[in-house]
Amino acid sequence: MKENYVIGIDFGTDSVRALVVNANTGYQAGTAVAEYSRWKEGKFCDASVSQFRQHPLDYLEGLESAVLGALNQSPAHVRENIKGISVDTTGSTPVAVDKNGTPLSLLPEFAENPNGMFILWKDHTANAEADEINQLAHSWPTDYTKYVGGIYSSEWFWAKILRTLRVDESVRDHAYSWVEHCDWISAELTGVTDPLTLKRSRCAAGHKALWHQEFEGLPSNAFFTELDPLLDGLRDRLFTDTATSDQVMGTISQAWATKLGIPADVVIGVGAFDAHMGAVGALIEPYSLCKVIGTSTCDMLVAPNDEVGHLLIKGICGQVDGSIVPGMLGMEAGQSAFGDIYAWFAKLVVEPVRTLLGEEAAQELSKKLIPHLAAQAAQLPVTEKDIIAVDWLNGRRTPDAKHTLKGAILGLNLASDPARIFKALVEATAYGSKSIVERFRNEGVPIHQVIAIGGVAKKSSFVMQTLADVLNMPIKVAASEQACALGAAMFAAVAAGVYETLPEAQEAMNSGFDAVYQPRLAQSAVYQTLYQKYLQSGAFLENEFFQKTTIVPANSYSDTF
């Protein structure tokens, strides 16, 4: 039998990963990772105002480097047998483009302008705009937020566009349309980036851009014009139809085929968000919660439309037909910070060492600190008097998006050492996960099992055991360290015609599971009490502390507390 190979490409927050897979057997022939050089230097970002931007050159250079690296690891015959490529990206990560679909920051006059770059998923500069969208949508004859949990987020498409148009006249004058990262990079591989004709991802459009079949596409121009006249007419320069990721974006361009050294007839699939393709790579099935655990989390669910399609689930990141698995209702939730919280705590410890003892000492400590704290924390008892932390250090994504919120640590005393504080932070991220599970259940969507993928899931047994204890559910960890890229490869196999359906690709190409964390009954019982304290603490922060504190402009809120 002739061997068919496909490439899955996963654009994460810090780097891009490429995975070459034998579509017939699932054998992973090669993989490589390329960091974003400009992002690594901290360019175009300002964390003090939650501004996070990425230059398209980071994506293009990273794509070429990662794919070539993965192919160079593979046997020589693999290149000539590549049949398809599909990509996943972070999202919502939109960019302003000209009439040709070129991101403005690839034009000389915008090369250093952050507003002409991709606005990363965790950019929260548009909090005020998100509030305006919610206020108008909830008073409009059609509530356009009803399929995205009833709350529009500053992390999403329209809020970011409106914010950019308001603050940058030059971008406003030159932006013909806007494109999500997963759509642009897939189109770029085909060489056809016309924003009026390129296929738009059902996943990105439905979860982040208010697209729905009931609305015959996007919300009406009248709605956007009422929101702000700056948006008048933009709807006509975007899209009406969307495509699921088993469909074809096009054929690879000659330029990219030459760069990568692969055949000129390679099929490029329609892209999607990383978490959605990661869930596919991890063998998501109906009513399984797939948690993609890294710097943040995305929690994915699928279910038959005829069983849950009538529900409007409050406070999540959307419910979209075909956004994860074609033919199923895809539901998304998640936390704005997870591993980022552990990294923040580590930085608190490491930075003084860097200042006082130098870079070498800081680097050595940085490598050992989190594993050391996790080992110590694992030895601590779980008691009802433990420290309580709230995990909103980057705001709250779900349930009920509100990115102006802040985190907290409560119940400290003079015996509160680093291990106890770290344990509380890990528990806080687990409580945040539990609040998502409880919201789905309370809204009528059962959850039968939990599947975990991502860096934290693979690297930290302490975090995963704590999560199993707090959720009081077993957690299966996917064996593949590149589940998102593997999911993209599965979609590439379907788009390229190696398989007719996604389940066939999953059956042939999956890597299975390599760990299962069972909840410990004694710890789970205590965590039920601690979880109630977490809820009470969060309610105090949201309804008492923040409501009674002076409100400041959106562009400076992060310096208030």
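Trp-344, Leu-348 and Leu-393 make a nonpolar surface patch of about 260 Å². For patches, residues need over 30% relative accessible area and no salt bridge, with like charges joined within 9 Å and nonpolar side chains (Val, Leu, Ile, Met, Phe, Trp, Tyr) within 5 Å. A salt bridge here is a side-chain nitrogen of Lys or Arg within 4 Å of a carboxyl oxygen of Asp or Glu. Areas are Shrake-Rupley with a 1.4 Å probe, and for residues only the protein chains shown count as cover.

This is a predicted model, where local features need pLDDT of at least 70, side-chain atom pairs count only at pLDDT 80 or more, and totals for chains, interfaces and linings use all residues. Residues are numbered from 1 along each chain as its sequence is written, and side-chain values use heavy atoms, with hydrogens and water left out.

pLDDT, the predictor's confidence in each residue from 0 to 100, averages 95 for the protein. Over residues 549–561 pLDDT stays under 50. Where pLDDT is low, predicted coordinates should not be read in detail.

Back to Leu-393: it sits in the loop between strands E16 (388–390) and E17 (408–410). Helices (H or I, at least four residues) and strands (E, at least two) are DSSP runs, numbered from the N terminus. Pro-399 is in the loop between E16 and E17, joined to Thr-398 by a cis peptide bond with omega about -5°.

Tyr-287 has phi of about 65° and counts as buried, at 10% relative accessibility. Glu-216, with phi near 55°, counts as exposed at 64%. Buried means under 20% relative accessible area, exposed over 50%, partly exposed in between (1.4 Å probe, protein chains only).

Conventions. Contact means heavy atoms within 4.5 Å.
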